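Please look over the sequence and the structure below before reading the report that follows.

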Amino acid sequence: MRGYQPGIGGRGPRTLSLLRLWPRLFLDMLPRCSLLLAGSGVVLVPLFIQLRHSVAAEAAGAGGVAAATDIVAGASSGPAAGVFRLFLLVATLVLWEGIAAAVRRDGLFRMVFSRPVSRRSYFLARFGARLTCLLLLALVVAEALDRATVPSVPAIGRIHALQAAVVMGLFLGSLILVASAALDRGDALLIAALLVLEKVSIPGWAAPGGAVHPLAKTLLAPLTAFEDILRSLLTDAPVAAGSIVLVAVCGAALLGSGLLMAERREYGR
Amino acid sequence: MGAMIELRGVTKSYRRFRSAGSVALDGITLRVGRGECLGVLGPNGAGKTTLLALLLGFLRPSSGFISVEGAEPCRYARESGVSYLPESIRLAGGRPACQVLCRLGILDGLGGAALKVRVAHALDRVGLTQHAGTRVNALSKGSLQRLAIAQLLLRPRRLILLDEPLAGLDPFWRAEFRHLLSELRREDPNRTIIIASHDLPEVERIAGRAIVLTGGLLRDEVRLPVRGPCTLEKLVCEATSPGSADAGRGP
């Protein structure tokens, strides 16, 4: 330990730019990205091809090969949108899992938060690294689905794929951030369970006349709007401006709350 | 000597779901001056690590007041940074030692050539230059502890908190560590060091004053080195013995 060089010490930068750390946070996510790509390669694309072939077989039975090609071209976007949406959902859950909780449970906070780093900026950098991963994965999977469908008709446009990934990452990612700031384990699983529960519970909350209970409708409005936006992005269906505003406001509120919770909560026990 | 750290009636209790909480620190009042080196002694579970976590702003006191250079601890750490050596070191196991230090250096505000130079110097100072490319999980316990010391040296701060810094170090590196601490203090006489340890002889060599915690209470406070027939070990044993429960809450 000889040759100690004095001259550096004392007060550091008040607000540290985490831009230099960002590429490393991004690289941290590569194992999960590889897992997701392998998973989508093994499960999702074959599933999509199977769906496409079943549509083609039905069409061929109805009107021959020419008719089948037309129908497949039209029907490709339906299965592709479903498969791509499922991929985005799983990818977001896997990528965002432990975004705040892992810092706590792995003891990383001891090394990071004793340095002049804003906790909010640090978690925002982690969020950004995950969002970038999701965007890249969305492009790759959209390309794979395009190649698996009729060449002249892209299943999912690249711009639409990126937009859907941004919506999914910002809204669902923020929801996981909130859960992760509150829980030590099971944050993404909790959100997955809530999403499933929402699908199951909506019919159960329907009033005897068939309409959904007003309270349930209000509570689930952001999720419904979120689904609407995703559907419209992936199938070119029109979307109400109110849905976009609602999802944007709720997403921003969730992201802000998640960052605030991650910043304010105690670490160390 | 102005106070760098001030604690007044600090209590920290951990709440547990569906069970009674435990009190980790109870009514601690303490002042640590600028440039002082304070030893924190006590048995396992005495509250030493909790005290350091409060000073770093990782935890908030349940009651009482803490300030570090007049600021709330969390704010002080965010703005000025604290050189902290944790008891249990959790470093990214799969990465080479130099990469781990690079990451921490970036968080210290270093970059470019300065970062490389500081990482190389830190590794050199703790004798790990030849292990720069070795993955952290392949390092021995002593080497890992030296790597943790190296991360302190990337950018030593005004406040240094050390939790069992000598664990796993051989006598040679213990001596080197003492030498390093004295260099750090010489470089900036206002640098304040708090060292929590079970190693009483080493604390006696490093610190000028020590407090004894047990069961979350501040039992005793001594000037170091202890003179006369009474040893530090004896003092700590007396303070932490069951019969000392009514011995008061320190000075």
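Over which residues of chain B does pLDDT stay under 50? This is a predicted model, and the stretch in question is residues 245-251 of chain B, for which the model has 11 contacts beyond four places in sequence. Chain B as a whole averages a pLDDT of 87, and 90% of the residues score at least 70, while the model scores ipTM 0.87 and pTM 0.84.

Turning to the place where the chains touch, 38 residues of chain B are in contact with 33 residues of chain A. On the side of chain B that touches chain A, at least two residues come from each of the helices α1, α2, α3, α4 and α6 of chain B, and α6(B) gives the most, with 5 residues. Sorted by class, that side of chain B divides as the table shows.

| Class | Residues on the side of chain B that touches chain A |
|---|---|
| nonpolar | 15 residues |
| polar | 8 residues |

Strands of a sheet pair through backbone hydrogen bonds, either parallel or antiparallel. In chain B, strand β8 (residues 209-214) and β9(B) pair in the antiparallel sense over 6 bridges, and B:T214 has B:L217 in β9(B) as its bridge partner.

Key:
Residues numbered from 1 in each chain as written. Chains lettered and ligands numbered in written order. Predicted model: local features only at pLDDT ≥ 70, side-chain atom pairs only at ≥ 80, totals over all residues. Contact = placed C-beta atoms within 7 Å. Helix = DSSP H or I, 4+ residues; strand = E, 2+ residues; numbered from the N terminus. Nonpolar A, V, L, I, M, F, W, Y, C, P; charged D, E, K, R; others polar. Pairing = 2+ DSSP bridges. pLDDT = per-residue confidence, 0-100.
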